[in-house]
Amino acid sequence: MDVILVGLPGSGKSAVGRRLAHRHGAAFVDLDESIEKAAGRSIAEIFAEQGEAAFRSIERQAVADIGPADTEPRIRAVVATGGGAVIDPRNRWALYRHRVPIWLDVRPEVLAQRLRRSPNVRPLIAGRDPMGTIRDLARERERFYSAANRLNGVAELASIVERADELVGRSAGGATQTVLLRGRSLGGDLVIGEGIAGTVIADALRGLRARRALLVSEPRAWAAAGEAIAAALAADGWPVERILLPSAEEAKRLAVIEEAAGSLAALRAERGEPLVAIGGGALGDAAGFLAATWLRGVPLVQVPTTLVAQIDSSIGGKTGVDLAAGKNLVGAFHPPAAVVIDIAFLRSLPERQRRAALGEAVKMAALGDERLFALLEGDGDAIARGDAAAFDSGAVAELVERAAWAKVQVTDADERESGADDGRITLNLGHSLGHAVEAAGGFGQLLHGEAVAHGLRGAVRIGRELGETPAPRAERIERLLSSLGLATEPLPYPLATVLDALGADKKHASGALRWVVPTATGSVIRSDVPDELVERVAASLLVAPGVAA
Ligand SMILES: NC(=O)c1ccc[n+]([C@@H]2O[C@H](COP(=O)([O-])OP(=O)(O)OC[C@H]3O[C@@H](n4cnc5c(N)ncnc54)[C@H](O)[C@@H]3O)[C@@H](O)[C@H]2O)c1
């Protein structure tokens, strides 16, 4: 077994690590020291001469060099990491998975004092106000550190080592569960990991003072995830009740909500009793709406089981159902108390579902997330195929984390889509034309993400003509879509039907559509896109009239 120590600079990782390793006759690795030895220079010098990005890449290699996790019960190695090593999702995957990560939590005030006395110059703090800098670092990194087992790091060294030892003893059995991120947002706590659902849902239910687990799911998600979750909760002593809605879009009907509310009444579900929604975006929207309206609102725990739901629909608090007149016409904002994202559920998802979801991920990348862009360019196709290597290398985990957290940041900035902040509107990149082609196909032919991919190509082409999207950016986005097999063929729909659907959206937007178009590094909103241009671009997405599809 390997123990990994993480925490802010000055939190005592090396001192605790050395003692702990000595006690168990285990090897001790100080990651920063190994980097300095290999480079023949101090970290401060690497920062000064090559910059932080170069240091992070050397650090990533050093983490990879630690090698595979050791699963023997005795402690083989104790690794003290550099304070920032855990920022990189792949490093966290390598360091936390099948190992015992411990966060030495020390208050910023104490750290600032320690660092003032320390002879070592820490590059991120040198020359700045230590207190302010440490507070910023603590805020930025809390979601990464708190995914590890927390240990109060302010005490005598011997007592910290003693408690670390106890913690290692307790955690050894849980090495099959990996928490990668534990973040807070206005839309509830967000936990991402592998094999974590049962434990983290139980924690959330305890936090909500639930007396039982009321699980709402649908048959396919139940088989892929719900059954195992119910068994884990029952083993933890929870009385479990289950309500099954129909699979996929069939769940999003008022009649289904009425029947499910009847089941809650029969179960005598009370105000304050949380519902746990286990399923994809459709189940989450319907069960979320049920939670928003049952007894005028009860807490909700979202457990997304599809890629769309993990990176998009479970975050942000939008819930709702469809009417014959259109999708999502009846709904409510009802932010979940917690979102529990377990990437293990994605293994059973059909390839087409995973691939389509990447349409939304490409959109998030095009909005300005360079690292997400690079990840999709490198590993996107393997992720879509569900290759075991894409899961084992941490590529799937990185994708989910980057895309989900990007959505958290945008929705936190504009919680109720007030429009006061343009942030959330940018999420509509690719959605105007995307929605129009989805509607033109009768919502049954294209998956949402596939439609967004077509819409994204449309937005890029509009951006080109408006002079907003530089050619290299446009080519890069379209090339990425092609490499993922998204929107590669023109659609066999009549132009008039697509334009009609756009017209209906325009009515909802009081006459003027706000187009989100890509720029060199992000996006811009334009309300002045000429109809003639929209028509031309829409036509470019469709099979030309007279040409057989
Ligand atoms: N609320 C929002 O902010 C928001 C955002 C985007 C999309 N949505 C909504 O989400 C819905 C689309 O979500 P979706 O793509 O997840 O579709 P979905 O919920 O219909 O799930 C897709 C299919 O996968 C099955 N499934 C679920 N989990 C599985 C698993 N782990 N293994 C195997 N099969 C599994 C489902 O039974 C279904 O057949 C739409 O209704 C859309 O309107 C909502």
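**View 1. Strands E11 and E14 pair in the parallel sense.** In this predicted model, strand E11 covers residues 300-304 and strand E14 covers residues 338-342. Two bridges join the pair. Gln302 stands opposite Val339 of E14.

**View 2. An open sheet of seven strands holds this pair.** The strand order is E6-E7-E14-E11-E10-E8-E9. Pairing in the sheet is mixed. Strand E6 (178-185) lies at one edge and strand E9 (240-244) at the other, and each pairs on one side only. Neighbouring strands are turned against each other by 20° on average, direction ignored.

**View 3. Helix H8 packs against strands of the sheet and against a helix.** H8 spans residues 197-207. Its buried residues are Ala197, Gly198, Val200, Ile201, Ala204 and Leu205. An α-helix has 3.6 residues a turn, so residues three or four places apart point the same way. The partners of the buried H8 residues include strand E7 (188-194), strand E8 (213-217) and strand E10 (275-279). E11 and E14 are also partners, as is helix H9 (219-235). Just after H8, Arg209 has a positive phi of about 55°.

**View 4. Val340 is among the residues with the most contacts inside the largest nonpolar core.** This core has 168 residues. Ile201, Val276 and Ala361 join Val340 in that group. H16 supplies the largest share of the core, 11 residues. Leaving out residues up to four places away in sequence, Val340 touches Val191, Ala197, Val200, Ile201, Ala204, Val301 and Val303. In soluble globular proteins, nonpolar side chains tend to be buried together.

**View 5. Helix H4 is mostly covered.** H4 runs over residues 89-96, and seven of its eight residues are buried. They are Pro89, Asn91, Arg92, Trp93, Ala94, Leu95 and Tyr96. These buried residues pack against strand E1 (2-6), strand E4 (100-105) and E6. After H4 comes His98, with a positive phi near 60°.

**View 6. The domain assignment divides the protein chain into domain 1, domain 2 and domain 3.** The centres of domain 1 and domain 2, taken over C-alpha atoms, are 36 Å apart.

Conventions. Residues numbered from 1 in each chain as written. Predicted model: local features only at pLDDT ≥ 70, side-chain atom pairs only at ≥ 80, totals over all residues. Domains from an automatic or database assignment. Pairing = 2+ DSSP bridges. Helix = DSSP H or I, 4+ residues; strand = E, 2+ residues; numbered from the N terminus. Axes fitted to C-alpha atoms, helices over the stretch in contact; angles between N-to-C directions. Buried ≥ 20, exposed ≤ 12 C-beta atoms within 10 Å, placed from the backbone. Contact = placed C-beta atoms within 7 Å. Core = buried A, V, L, I, M, F, W, Y, C linked by C-beta atoms within 7 Å.
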